[in-house]
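I am opening a notebook on a structure that is new to me.

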Amino acid sequence: MEDRAREAMLEAIRNCSGEEYRSAFGRRPTTHPPRICRELIEYHAAFGMHTTAFGKFGKLIDRLKNNDPNLTDLMINCFVANNFSDVAWKLLGRYIANNYYLKSITFRTHLLNDSTMSSLFEELSSRGSRSLKMMVLTKADFGIEGTKSFAAFLKNSHLTRLEISENEHACAECFRLIIDALQVQGGSIESLRIRGCEGIDSISALEHHTLPQLRVLNVDQNNIRSLPSLEGYLNLERLSLEGNWIGRRGYPSIAKLLQKGTPPVKSLDLTFTGMRDLEAELIAGSLRQNTSLNHLRLEGNRVSDEGRSAFLKLLCDVSSIKNTCNSNHTLRSIELPRSLDPELALMFNYIDIAMITNKAYVGNARAVSRAKVVETQLCSYTRMELSRLQLVECRYNSILPQIEPVLLPNVLAMVGDVHGQSELYRMLNAAVSDLASIVNKKTALKERMTDNESRILSLNTEYAREKSALLVEYERRLAALSVGNLHQTAALAAENSKLQKELEYIG
């Protein structure tokens, strides 16, 4: 049957039109050179009329083979690749290597196993790809040997995005081979997604290498139990660990990463990762000084009221005005396990309000701090509810001592403007004694200033007196010194006169 198919293909080659032949090979010779015949036989054996690749996909293969500049994306699925031979995979790799315009290719087939990976990347590994920037391998079925063939290609590639998903045979060694190859490649990779591979139980290879341009790291739905240090990944912005039951072993390293702020992760997905209240409090605590994380996903975890309260306190701590100002003003969205319980609904409401405030004043920490203080600390109802949810004492007379006396009139006026006269009355009524103490404090400060001014005057008078006495003593001693100097000079002059006369007598 193979001989008959080959003869039929040769007959088709002999009978093809000149235009068809020139489209494929540039000219039509009177006889076919052996190399061209062999190439035509391979092409028709791989993608001819008798194959599943014939038809619409066959035209795509022709466009790929002939360097069509309009073909930038290509997808190979199970239906197309169902009867691909080793030759078909090899030719596909060759056409990709020789193409100048293909930017993205997606393989969605379980037929990519160790053997077909070897055929596909046989020529791609040595030649690389001039144009390919993105590759997706979904539902593939290759293991370590297939990864070795793929890694050889990666070393010569210029990929910026790579995704491998739902591969049952991928393991930690496969992950290491890929990271090693990307390091050799020069680190041009910006997005790395390796997910849905239950055999991958460790990503420690990331700690031994650095991919300097990596911005997105997605390792969802694997079997990872801990997170290696990622301090060298200075451009990492998105980290997703969804579906990895990291539990207590992995969360300390995540908390350390968030606390240091290196790398400056902006989006973190910890959905279904085994988080409980202890881990929730650990993550919330690590975010107090973090100024980079904007989006946090925590759905699918066993977090109770205590854990949720830790994130409410993170976003708006009402234990003091200072703590409210020092709350996290960077988080713009946080997805926690929800509940229909009215008490929890109230907590989520305040969490949402805090994040809306963060969004409204992005990049202006002073403005968002002021807004949170006005909306929470200076509103009795809101402060009472938040204090109850955060288990802190709620009293107005604990607020006023935290405010500078000189600012108090402005603060009271603002309470009346923002929250109404009723709120202003409640605030004043609850803090009469504190206002009285503040007034007395003002009097004490004024008295202290008067006393200081009196002491300054006394010190200036004493200074003038001592200066005058020193000047008198100076003049007296100067006069005595002048008289003594005159007497001594006169005596010496008289002695010199006598000596001169003696010289004249002798001479």
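Entry on a charged pair. I began with Arg94, which forms a salt bridge with Glu123; their closest N and O atoms are 2.8 Å apart. Arg94 belongs to helix H6 (residues 86–98) and Glu123 to helix H7 (residues 114–127), so this pair ties together parts that lie 29 residues apart in sequence. I note that the model is a predicted one. I looked up the burial of both partners: Arg94 is buried, and Glu123 is buried too.

Next I took Glu163, which forms a salt bridge with Arg195, again with 2.8 Å between the closest N and O atoms. Glu163 lies in strand S4 and Arg195 in strand S5 (residues 191–195), so the bridge ties together parts 32 residues apart in sequence. Glu163 is buried, at a relative accessible area of 15%. Arg195 counts as partly exposed, at 31% relative accessibility.

I also noted a salt bridge between Glu299 and Arg297, where the closest N and O atoms are 3.2 Å apart. Arg297 is partly exposed, at 36% relative accessibility. Going back to Arg94, I found that salt bridges with shared partners join Arg94, Glu123 and Arg127 into one network. How many salt bridges does a search of the whole structure find? The search finds 19.

Entry on the whole protein. I counted 20 helices and 10 strands. The protein has 507 residues, and 43% of them count as buried. Its accessible surface is about 27700 Å², and carbon and sulfur atoms make up 53% of that. Among contacts with a separation of 6 or more, 72% are between residues 24 or more positions apart.

Entry on the interior. In soluble globular proteins, nonpolar side chains tend to be buried together. I looked for the largest nonpolar core here and found that it has 101 residues. Which residues have the most contacts inside it? They are Leu92, Phe107, Met135 and Leu162. I followed Phe107 further. Arg308 lies in H13. Is Arg308 buried or exposed? Arg308 counts as buried, at 6% relative accessibility. Apart from neighbours within four places in sequence, Arg308 is in contact with Val303, Pro337, Leu344, Met347, Phe348 and Ile351.

Entry on cysteines. I searched for disulfides and found zero. The sulfur of Cys171 has its closest cysteine sulfur in Cys174, at 3.6 Å, which is too far for a bond. For Cys316 the closest cysteine sulfur is in Cys325, at 9.7 Å, also too far for a bond. Cys316 is buried, with a relative accessible area of 5%.

Entry on the surface. Tyr474, Leu478 and Leu481 form a nonpolar patch, and together they have about 340 Å² of accessible area. Tyr474 lies in helix H20 (residues 432–506) and counts as exposed, at 52% relative accessibility.

I also looked at Leu60, in helix H4 (residues 56–65). Leu60 is partly exposed, with a relative accessible area of 23%. Leaving aside neighbours within four places in sequence, Leu60 is in contact with Leu71 and Leu74. Leu60 and Leu71 are 11 residues apart in sequence, and their C-alpha atoms are 8.0 Å apart.

Entry on the backbone. Most residues other than glycine have a negative phi, and most peptide bonds are trans. I looked for exceptions. The peptide bond from Thr262 to Pro263 is cis, with omega near 5°; Pro263 is in the loop between H11 and strand S8 (267–269). Glu166 has a positive phi, near 55°. It sits in the loop between strand S4 (161–165) and helix H9 (172–185), and Glu166 is partly exposed, at 40% relative accessible area. Leu391 has a positive phi as well, near 60°. Leu391 is in the loop between helix H17 (380–390) and helix H18 (408–419) and counts as exposed, at 76% relative accessibility.

Methods:
Residues numbered from 1 in each chain as written. Predicted model: local features only at pLDDT ≥ 70, side-chain atom pairs only at ≥ 80, totals over all residues. Heavy atoms only, no water. Disulfide = S-S within 2.5 Å. Buried < 20%, exposed > 50% of the residue type's maximum accessible area, 1.4 Å probe, protein only. Core = buried A, V, L, I, M, F, W, Y, C linked by side-chain atoms within 4.5 Å. Patch = residues over 30% accessible without salt bridge, like charges linked within 9 Å, V, L, I, M, F, W, Y side chains within 5 Å. Areas by Shrake-Rupley, 256 points an atom, 1.4 Å probe, with all protein chains shown as cover. Salt bridge = Lys/Arg side-chain N within 4 Å of Asp/Glu carboxyl O. Helix = DSSP H or I, 4+ residues; strand = E, 2+ residues; numbered from the N terminus. Contact = heavy atoms within 4.5 Å.
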